[in-house]
Every structure is written in C-alpha cells, then in structure tokens.
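Try each task yourself before reading on.

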Amino acid sequence: MKTEKSELPVVGVDVGGTKIAAGVVDAVGRITGQVKIPTDARNATTILDSIEQAVRASLEAAGLNSSQIKGIGLGIPGVVDPVAGVGMESANLGWHNVPVQALLEERLEVTCYIENDVGAGALGESLYGAGRGFESMVYLSLGTGVAARAIIKGNLYRGTHGVAGEIGHISMGAGDRACRCGGKDCLEAWASGPAIAAQAQEAVQAGKGSLLIELVGTAQEITAETVFEAASKGDRVAFDIVTLAGRNLAQAVFILAALYDTQAVVLGGGLVQGRDELVKAIRAGMEYQLKQSPLFGPVLEGMPVRVSELKNGGPVLGAAAIFNSRTKR
Ligand SMILES: [Zn+2]
C-alpha cells in the first residue's frame, strides 16, 4: 500500500553559526538519520551549501530520498521572515536578507519552511518535550544567546515583526557591561554562555584566586561549563557569577510570565543541558522575585518552571514541527 503524503516524515534542520544538525522526523517525533556537520560560514552561499549537505547526509543516513519526505523545516538564528521565507539578519551567520526558502527549494526540490531557531525550539518543547500538555508556555533558550518565544493556544506567537520574546537585549540595570549587540548591560551580557565565561576570565585576570584556573590552565580556556563545575565544587568566584546570572534570568522569567501569563515556562539550550547549577540559581532568583512581589508572587508561585527534556534532538524536532505547523492549516 502506498504511504499517504501526510504520513511521510519531515527533515528538521537546526542551523547554527558553527554547526548544522539535521534529522528525519516521523509523525510521532522519532528521529532517524541524525547528522551534525560544521557550518562553512564564509558567506550566504557557503552556508546554504552546508545546509544542503546536511539534508542530503541525513536522508542518506535514514535510507531515504527526497521524494520520500513531505518537506524540510529549518530553525535559523536571528531575525527571520517566515512568511516570505527570508533570513533577514543574523549576527551568528553574518547574512542580510537572504531568500533562504526559495534558494533551498531550488537546490533540494522539496517544500521548505523557515523559522527563528528559538521559535522552533519552543514548538518542539510544546509538542514533544517539557511543554507537553500546556496550551500556553514560554520557552527561554539559554546558550550563546538568550531569547524566548511563547506558544499561545498551541501556536507559536511571533508578534508583528517576528521578534516577540527577544528578551536578551533589554537592559537589566545591573551595571554597564558591554554587549556584543553594541548596547550596554543587556541580559545577554550577564547571562549568556560567553558572558558567564568572560566574567570568570576577568575575575581570574584580576588576580582573584580560584579553582577556575586550576580546572583549565589559562584564563582564555575558561568556558561557562568550567564556571558551573567550579561553582559545584564550592568556588566562591564561580558561584557568585552563576548566582548573578541566575538572578538576572529569574527577572527575565518574571517579565515573560507577567507579559504572556502562560501556564508554564520551559528552560532550554546548552547552558541547562547536563548541569543544573544555572537552573538552581534561576530557581533561587525566582523565589526571591516572587517574595518581592505581593501582587504577582501569589499568582505566579505555582507556575511550573521546567527544564527541556529534548536535549540534543530538541532543535531538530522543533524545526520539523515548524514544517508541520505550516502545513496543518
Ligand atoms: Zn545586547
């Protein structure tokens, strides 16, 4: 019997500035043929070459050809126009107004839909992960960048310009740290992976003796992971950096909860995978925030704050879910 088109799998692609992950996702969210290749980020054409290569490698690994899939969903960093299929701006990819959808459809000869990568992550968690069972949720992605997206009544909420949830570049009023966006004191300048690492590097360079340097050797080698490890072993400098990041992120969760008033918040991204130091710091910060607010504290007290359950497969599942969300109507 011939398989109905609607039952065919979808290829999900998570496009990052350094790596591209792709996998074939079936109707119930099982992934086969998952591959990860480095991104050739020299220009838009080489990035599209890398995406094409990842899709073809994934299909080959799953033993399929492009006529045996419904289409391709892609999660792309930065500002995306999902309707026009254009990657508008991305600091990670360094491109500007690239008609990603049209160019990929020409290369791969199947329908492609694109979405902001955090939006894809949010939809993935909502359908297959820690957000299952909630009609509305906010997904806060913590990694190289910090950004959120909301799912409202089961649908991804994009806002007017596709940037609803871009909380990483609002000022936290906590100092004057420079942010890579050119602004000052952004949430991302305190609580992203590179920001956590940079604060530890600065502390070590300022002569603050710490376990941090023992774990790696030189200040430049310190990563967010090093900071979490040192904090878990009782290092004061590392602990204070994680606590401050947690406090700022808790404030972000509180703002998101006040804006969207969703049933749950899901924390995802590389900074909460495998290690729980940052999650603990966020929860401690939340407790403080709720106590400070006699008005919203009692309302938001019981709101579940969950950690992503999808781990490495999450972005690929989310990207595939983007395709399905565009074709279900
Ligand atoms: Zn910024």
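**Exercise 1. Work out the surroundings of L256.**

Step 1: leaving aside neighbours within four places in sequence, L256 is in contact with V138, L140, A148, I167 and D261; contact means heavy atoms within 4.5 Å.
Step 2: L256 lies in helix α8, residues 236-260. Helices here are DSSP runs of H or I with at least four residues, strands are runs of E with at least two, and both are numbered from the N terminus.
Step 3: L256 has 3% relative accessibility and so counts as buried (buried is under 20% relative accessible area, exposed over 50%, partly exposed in between, with a 1.4 Å probe and protein chains only).

Before you go on, two ground rules. This is a predicted model, where local features need pLDDT of at least 70 and side-chain atom pairs count only at pLDDT 80 or more, while totals for chains, interfaces and linings use all residues. Residues are numbered from 1 along each chain as its sequence is written, and side-chain values use heavy atoms, with hydrogens and water left out.

**Exercise 2. Describe the site of the zinc ion.**

Step 1: list the protein donors, meaning N, O and S atoms within 2.8 Å of the metal (3.2 Å for Na, K and Ca); water is not among the atoms, so sites may look incomplete. They are H169 (ND1), C179 (SG), C181 (SG) and C186 (SG), at 2.0 to 2.4 Å from the zinc ion.
Step 2: read the spacing along the chain, which is H-x9-C-x1-C-x4-C.
Step 3: check the angles. The four donor atoms give 106 to 119 degrees, making the site tetrahedral (four donors with all angles between 85 and 135 degrees). For comparison, the ideal tetrahedral angle is 109.5 degrees.
Step 4: look at accessibility. C186 is buried at 4%, whereas C181, at 45%, is partly exposed.

**Exercise 3. Place G143 in the fold.**

Step 1: find G143 in the loop between β9 (137-142) and β10 (146-152).
Step 2: with 16% relative accessibility, G143 counts as buried.
Step 3: not counting residues up to four places away in sequence, G143 touches S192, G193, P194, G270 and L271.

Terms used
Tetrahedral: all angles 85-135°; square planar, octahedral: opposite > 155°, others 65-115°.
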